[in-house]
Amino acid sequence: MREQVSHYILREAFERLIEGTQSDLDFTREANDDHQRGPAFSIVAEQSDKMLEALRLKQEIHKKAEALLSCTTATLPKTYRAWEIFFTKTVSPLPSMLARLSEILLAVASQTPPWMDEQRRTILKAIEKTNAYFSDFYKQNVARWQGQDEDCPTMVQDIPGLLKRKRNVPDHRDVRYLLMDGMRWDLWGEIKTRFFGKKGQYFRIVREGGLWAHYPTDTPTQMEQFDQELARMFPHIPLTRPRRWSSLSKSLLACFRTKTRPTW
């Protein structure tokens, strides 16, 4: 009975907070670790953890949305480095965070707050506008980058060179490439956490960052650039591609199933 009352009080407080406009509250408490106190308490504790995650997401969404919506033509990034930071820190996470918040609200049987649908539309409209500015920036600079300008972003043909410098390290002598084409930055963050993060004894993240496409940005063009540089860097190593998914790819798909989410 006490657990039921606690759940109702908790839910009412949560719905008031999630529907309100205040976004400077402290939700830094660690996830509940008292699940051993009984089945009923475990259910309340699990719901509490999800509600805390939802409130944290609400705060982060508001912060990133403010950063995105405050940008003007004059304040948008002017260099590829600045675009990478703006994209990975502000733009890319927003659609996934909104989707995750919706999932949590559904899990705790809570209604979507009025502000959320409106903010989603506003955010996606702002992303679409930002995408147009980025497209102009990319078209103005891609020819110079493809001409191997000294100051250019990391592109697909740079990958073999980055890995070659690590081949003398013992655990890099045997190299397997797992190429996940068209990887969104927000999706990579989820895979990194849910798959690689749980298998630390097998994997470690050596380097991560943005990868810029050649023009045209279709897959055959990128693979042609990659294959040419791979053959140049490792002329004595035959390039083979398995016809079927590797066991690692199957494991990735099995552990991470997600609906298609809007992205930039």
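Predicted model: local features only at pLDDT ≥ 70, side-chain atom pairs only at ≥ 80, totals over all residues.
1. Overall make-up. The protein chain holds nine helices and zero strands. Read from the N terminus, its elements run α-α-α-α-α-α-α-α-α. The chain has 264 residues, and buried residues make up 33% of them. Among contacts between residues at least 6 apart in sequence, 75% join residues at least 24 apart.

2. The largest nonpolar core. This core has 33 residues, and the members that touch the most other members are F14, L68, L101, I123, W145 and W212. At least two residues of the core come from each of α1 (2-19), α2 (39-69), α3 (80-91), α4 and α5. Helix α5 gives the largest share, nine residues.

3. W145 in that core. W145 is one of the residues that touch the most other core members. Leaving aside neighbours within four places in sequence, W145 is in contact with Y80, F137, Y138, D151, C152, P153, M155 and W212. Of these partners, W212 is also among the core residues that touch the most other members.

4. The second core. A separate core of six residues is also present, and M223, F226, M233 and F234 are among its members.

5. Helices α4 and α5. Helix α4 covers residues 93-107 and helix α5 covers residues 114-146; they pack at an angle of about 160°, with their axes 10 Å apart. The two are therefore roughly antiparallel to each other, an angle over 145 degrees being the cut-off for that term. Their crossing is left-handed. On the α4 side the contact involves L94, P95, L98, L101, S102 and L105, and on the α5 side W115, M116, R120, I123, L124 and I127. By class, this contact has ten nonpolar, one polar and one charged residues. L101 and I123, which take part in the contact, are also among the residues that touch the most other members of the largest nonpolar core.

6. Helices α3 and α5. These pack at an angle of about 150°, with their axes 11 Å apart. That makes α3 roughly antiparallel to α5. The crossing of α3 and α5 is left-handed. Y80, W83, F86 and V91 of α3 meet I127, T130, Y133, F134, F137 and W145 of α5. The residues of this contact divide into nine nonpolar, one polar and no charged. I127 of α5 is listed here and also in the contact with α4.

7. Helices α3 and α4. The axes of α3 and α4 come within 6 Å and cross at roughly 5°. They are therefore roughly parallel to each other, angles under 35 degrees counting as such. F87, T88, K89, T90 and V91 of α3 and P93, L94 and P95 of α4 make the contact. By class, the contact has five nonpolar, two polar and one charged residues.

8. S92, in the loop. S92 sits in the loop between α3 and α4. Is S92 buried or exposed? S92 is buried, because its relative accessible area is 1% and buried means under 20%. Not counting residues up to four places away in sequence, S92 touches F87, W185 and D186. S92 and W185 are 93 residues apart in sequence, while their C-alpha atoms are 6.5 Å apart in space.

9. The cis peptide bond. Which residues does a cis peptide bond join? The bond joins Y215 and P216, with omega about 0°. P216 is found in the loop between α7 (185-194) and α8.

10. K139 and Y215. K139 lies in helix α5. With 56% relative accessibility, K139 counts as exposed. From K139 to Y215 there are 76 residues in sequence and 8.6 Å in space, C-alpha to C-alpha. Y215 is also one partner in the cis peptide bond.

11. E229, a buried residue. E229 lies in helix α8, which covers residues 219-233. E229 is buried, with a relative accessible area of 16%. Leaving aside neighbours within four places in sequence, E229 is in contact with Q157 and P160.

Methods
Residues numbered from 1 in each chain as written. Heavy atoms only, no water. Axes fitted to C-alpha atoms, helices over the stretch in contact; angles between N-to-C directions. Helix = DSSP H or I, 4+ residues; strand = E, 2+ residues; numbered from the N terminus. Parallel < 35°, antiparallel > 145°, perpendicular 65-115°, else oblique. Left-handed = near helix turned anticlockwise from the far one by under 90°. Contact = heavy atoms within 4.5 Å. Nonpolar A, V, L, I, M, F, W, Y, C, P; charged D, E, K, R; others polar. Core = buried A, V, L, I, M, F, W, Y, C linked by side-chain atoms within 4.5 Å. Buried < 20%, exposed > 50% of the residue type's maximum accessible area, 1.4 Å probe, protein only.
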